[in-house]
Amino acid sequence: MSGILDLLNSDLGKTIISGVSNETNQPQSKTQDVLTMALPVLMAAMKRNAATPQGAEGLMSALNSKHDGSILDNLGGLFSGGVGNDVMEDGNKILGHVLGGKQQNVQMAISQKSGIDANSVAQILKVAAPILLGVLGNQAKKQHVNSPSGLEGLLGGMLGGNSNKNEQSFLESILDADGDGSVIDDVAGMVLGSGNQKKGGLGGLLGGLFGRK
């Protein structure tokens, strides 16, 4: 299975990077840096949420309806006239569900690592979040994942399936900072700004993906 970082090197990924770059007035190289860091963080957070029945059901519902992959069918149209407010608002809601009250902390951490100001990072993530869910919806259809129980494997495969070893090690260096192999703990540690707090409060940090109204 292709990993999420492989996606960014595909033709589809290049279209996404170019479109998001133009939309946010950021260089393509910097936009790619932000997406390379942010997409695995968001997917790791979704995987953590999909481990709960409510989180898995909520995500499955989203992938079966609004985020079924159809957004990928006309990315040219999405970007050509400027991304609409409805897409940006949707992206903001997705980020809120995935990251909860730590959304700004994540944006600040990525800002510091990428050299792009936090407001621009936030704009990039708002545009990218609905596209990421579209990618997940598309993969769910291709792999016939039609029940919540299959979501954790789908997300885990896309997180771990990156073929390029350099990119994989880059991802691990960001997300698995203490080398224990637990990406999601290090997402929490990065967001909270302290490795000592990693184990505590993780449910509150990443809980409620699509489970909250």
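Guide: Happy to! Let's begin with a term we will need: an axis here is a line fitted to C-alpha atoms, for helices over the stretch in contact, and the angle between two axes is taken between their N-to-C directions, from 0 to 180 degrees. Two packed helices are described by that angle together with the distance between the axes. Please keep in mind that this is a predicted model.

Now to our pair, α3 and α6. Their axes come within 9 Å and cross at roughly 60°. The two helices are therefore oblique to each other. As for handedness, α3 passes α6 in a left-handed crossing. On the α3 side, the contact is made by L42, A45, M46 and N49, and α6 brings L95, V98 and L99 to meet them. Sorted by class, this contact has 6 nonpolar residues and 1 polar residue, with no charged ones.

Side chains of opposite charge can pair when their charged atoms come close. The structure holds 2 salt bridges.

Start with α3, which covers residues 28-50 and carries K47. K47 forms a salt bridge with E152, and their closest N and O atoms are 4.0 Å apart. The partner E152 belongs to helix α9 (residues 151-160), so this pair links distant parts of the chain, 105 residues apart. K47 is partly exposed, because its relative accessible area is 28%, and E152 is partly exposed as well, at 34%.

Next comes α6, which spans residues 85-99 and carries D90. The side chains of D90 and K66 meet in a salt bridge, at 3.6 Å from N to O. K66, in contrast, is exposed, with a relative accessible area of 58%.

S21 is buried, with a relative accessible area of 4%. Leaving aside residues up to four places away in sequence, S21 touches Q26, P27, Q28 and T31.

Notes: Residues numbered from 1 in each chain as written. Predicted model: local features only at pLDDT ≥ 70, side-chain atom pairs only at ≥ 80, totals over all residues. Heavy atoms only, no water. Helix = DSSP H or I, 4+ residues; strand = E, 2+ residues; numbered from the N terminus. Buried < 20%, exposed > 50% of the residue type's maximum accessible area, 1.4 Å probe, protein only. Parallel < 35°, antiparallel > 145°, perpendicular 65-115°, else oblique. Left-handed = near helix turned anticlockwise from the far one by under 90°. Contact = heavy atoms within 4.5 Å. Nonpolar A, V, L, I, M, F, W, Y, C, P; charged D, E, K, R; others polar.
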